[in-house]
Amino acid sequence: SSGINAEYGYRRKMKKGTEQDVAKKRARKTTKFQRSIQGATLENILAKRNQKPEVRKAQREQVIRSQKEKIKAKKEAKSSNKKKTDTKAVRAAQKKINKANTKSKPGRTGVMM
């Protein structure tokens, strides 16, 4: 009787006696679709895509130009600030102060350990 049970389990595991004419399920073909992303609606994306390349190029160049001007203005402001604080006179005065400080310190001659 154990032989019958073993055979039954085997047949079930190996799928014997079931319908083998079942066709393999085909995967449905994927379809492309567009959706909006964060910061841009679908209408904006489609409008940009449908623009003429020349228009897009002109817009891009204009944005780049404005960014470069911003950076240039920042650099100029920074350099003018630096000039106000880093003059040669200020540096010379600091050197003099440093020299005076080093001279006034007592030497270590004659110190016994």
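Hi everyone. A helix here is a DSSP run of H or I that is at least four residues long, and a strand is a run of E of at least two. With that in hand, let me show you this chain, which is a predicted model.

By that count, the secondary structure comes to four helices and zero strands. If you walk along the sequence, the pattern reads α-α-α-α.

Now, how many of the residues count as buried? Of the 113 residues in the chain, 0% do. Buried means under 20% relative accessible area, so keep that cut-off in mind for the residues I'll visit. The accessible surface of the chain comes to about 12,400 Å², and carbon and sulfur atoms account for 55% of that.

Let's start in the loop between α1 and α2, where you'll find Lys 15. The phi angle of Lys 15 is near 60°, which is a positive value in a residue other than glycine. Is Lys 15 buried or exposed? Lys 15 is exposed, because its relative accessible area is 57% and the cut-off for exposed is over 50%.

Stay in that loop, please, and find Ser 36, which sits between α1 (2–13) and α2 (42–50). Ser 36 has a relative accessibility of 42%, so it counts as partly exposed. What does Ser 36 touch, once we leave out residues up to four places away in sequence? Its contacts are Thr 41, Leu 42 and Ile 45. Another pair to look at is Ser 36 and Leu 46: they are ten residues apart in sequence, and their C-alpha atoms are 9.7 Å apart in space.

Last stop, for those of you who like charge. Which residues form the positive surface patch? They are Lys 48, Arg 56, Lys 57 and Arg 60. Helix α3, residues 53–85, supplies the largest share of this patch, with three residues. Arg 60 is found in helix α3, and this arginine counts as partly exposed because its relative accessibility is 49%.

Note on methods. Residues are numbered from 1 along each chain as its sequence is written. This is a predicted model: local features need pLDDT of at least 70, side-chain atom pairs count only at pLDDT 80 or more; totals for chains, interfaces and linings use all residues. Side-chain values use heavy atoms; hydrogens and water are left out. Buried means under 20% relative accessible area, exposed over 50%, partly exposed in between (1.4 Å probe, protein chains only). Accessible areas come from the Shrake-Rupley method with a 1.4 Å probe; for residues, only the protein chains shown count as cover. Contact means heavy atoms within 4.5 Å. Patches are made of residues with over 30% relative accessible area and no salt bridge: like charges are joined within 9 Å, nonpolar side chains (Val, Leu, Ile, Met, Phe, Trp, Tyr) within 5 Å. A salt bridge is a side-chain nitrogen of Lys or Arg within 4 Å of a carboxyl oxygen of Asp or Glu. Lys and Arg count as positive and Asp and Glu as negative; His and the chain ends are not counted. The place of a charge is taken as NZ of Lys, CZ of Arg, CG of Asp or CD of Glu.
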